[in-house]
There are 2 protein chains.
Amino acid sequence: MRRMAIKLEYDGTDYLGWQVQAEGRTVQGVVEEAVRRATGAAGRVPVQGAGRTDTGVHAEGQVAHFDTASELEPGTMARALNFWLPRDVSVLAARQVAEDFNARYGAVAKLYRYRVVCSRERRPLGRRYRLRVPVGLDLAAMQECASQLAGTHDFTSFTSAGGDLSSTVRTVLRSEWKRAGEELHFFIKADGFTYNMVRALVGTMFEAGRGKLSAGQFAEALAALDRRAAGPTAPPHGLALVRVYYPPGRDPFAGPAP
Amino acid sequence: MRRMAIKLEYDGTDYLGWQVQAEGRTVQGVVEEAVRRATGAAGRVPVQGAGRTDTGVHAEGQVAHFDTASELEPGTMARALNFWLPRDVSVLAARQVAEDFNARYGAVAKLYRYRVVCSRERRPLGRRYRLRVPVGLDLAAMQECASQLAGTHDFTSFTSAGGDLSSTVRTVLRSEWKRAGEELHFFIKADGFTYNMVRALVGTMFEAGRGKLSAGQFAEALAALDRRAAGPTAPPHGLALVRVYYPPGRDPFAGPAP
């Protein structure tokens, strides 16, 4: 047996998120099925992902690992997986990794991006990948909130019920709004994310962007350690897992393909 | 009766292009139906578009006009049309215009953009809006071809059979490849376009980008006035009508909304 790491891009629109559920189509489910078929395994092959993206959330750089007896060379493995995967999920690269590599527990940080376009009228192009808000948003006001997130905080106020994590303390390494053409993008890099954390942060920063919440009130909401103190959870389709980070020398996808 | 101009964005994926056909769903067809319903007209209301985009081609700034007895104020008209339109077509703005305004014959130029991403593996995100090519493309080589297009030329070599236009001479005002993140974008602005012209140009420039055609051979293909002298027609989904230009003082959408 050897361990393989894969980097994945997917359009999460038609999936109930990454993680296998009792019922319904999940990204992990279709990837596990593709691995089973590509490697000729007799039963289910567990595939562990770094980030358990929610229903409707996309990924540009999800990382996952699995163990296989197959001797397919990594480039061939990537193409074989893509042969079996539906067209909204793609393996961008595959690498053989050390037996103790763990895509989830070995990750030191993840980067997410939330895309927004302000437009009174419906915007068909890219509607699967960005949230449209029918009002203008004050970028500077949202950035004033975002910049307060750097460092270590208890994110209870931005954590939905239903997550299975015992701690709500996370360290944020980057938290930034940027203009991208007519869109506004929120980038957040952290050592981990609590359940719905990015979407709750974005939904609350929208209130600041609409002039309904000051930066001081945002800080108070964070300090309140109470989900009811913060704003609503933004819809999933604007969100994408952009990149997963591993310690130096442990990133399977650092550098050019072998 | 008064004349209204509308600016449209649409995802052309699920349409047989702009123009109404004997059978099948077209953008013009759904817009005409929306106008009929929004204005309470008894029969078909002809809507004339500036650019007759092909099957699968998108638009960010199509312009069209129609006549109506409705007295709806333009902002209300835009919202009423969007109420009746499917979600992949949207009226971005509506304006009342002079009776002699003609969206198609009054246009002095149109700007199209073709989006490409070079990636050996499938790329699910944005797959409706950009062509993926599984090889690298030499941007400089493609730009050497593109820069030859500025000015007035006979585009017979880049015109598919089946168009209904008598002349194939067009004046190109801008012709440029640009890097946009990991994508390559081709922008072309001209006083008009022959049938499949942009896609034939792009398909032929891809040959230059792959090192199979020199800039000199591209010039020869243009001068040959023979469709067989040029390269293949690129697929439609990378293409979008970005903007329609009118003479100064005649652009319904110049300046802020009234």
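**Close-up views of a predicted two-chain model**

View 1. Apart from neighbours within four places in sequence, A94(B) is in contact (heavy atoms within 4.5 Å) with M4(B), A5(B), I6(B), P74(B), A78(B) and F253(B). A94(B) lies in strand β4 of chain B, residues 89-97; strands (E, at least two residues) and helices (H or I, at least four) are DSSP runs, numbered from the N terminus. The relative accessible area of A94(B) is 5%, which counts as buried (under 20%; exposed is over 50% and partly exposed is in between, with a 1.4 Å probe and protein chains only). T53(B) is 41 residues from A94(B) along the chain, and their C-alpha atoms are separated by 20 Å.

Residues are numbered from 1 along each chain as its sequence is written, and chains are lettered from A and ligands numbered from 1 in the order in which they are written. In this predicted model, local features need pLDDT of at least 70, side-chain atom pairs count only at pLDDT 80 or more, and totals for chains, interfaces and linings use all residues, while side-chain values use heavy atoms, with hydrogens and water left out.

**View 2. The two sides of helix α5 of chain B.** Within this helix (residues 215-224), A215(B), F218(B), A221(B) and L222(B) are buried. They are on the same side of α5(B) because they cover an arc of only 110° around the axis, taken from the directions from the helix axis to the C-beta atoms. E220(B) and A223(B) are exposed, on the face turned away from the buried side of α5(B). The cover over the buried residues of α5(B) includes α3 (139-146), β7 (151-154) and α4 (197-209) of chain B.

**View 3. The contact between chain A and chain B.** Each chain is represented: 28 residues come from chain A and 28 residues from chain B. About 2400 Å² is buried between them, with 47% given by carbon and sulfur atoms; this is the accessible area (1.4 Å probe) that two parts lose on being put together, summed over both. In chain A, R122(A), L125(A) and R127(A) lose the most area to chain B, together 30% of what that side buries.

**View 4. A salt bridge between the chains.** R123(B) pairs with E9(A) in a salt bridge whose closest N and O atoms are 2.8 Å apart. The count between chain A and chain B is 4 salt bridges, each a side-chain nitrogen of Lys or Arg within 4 Å of a carboxyl oxygen of Asp or Glu.
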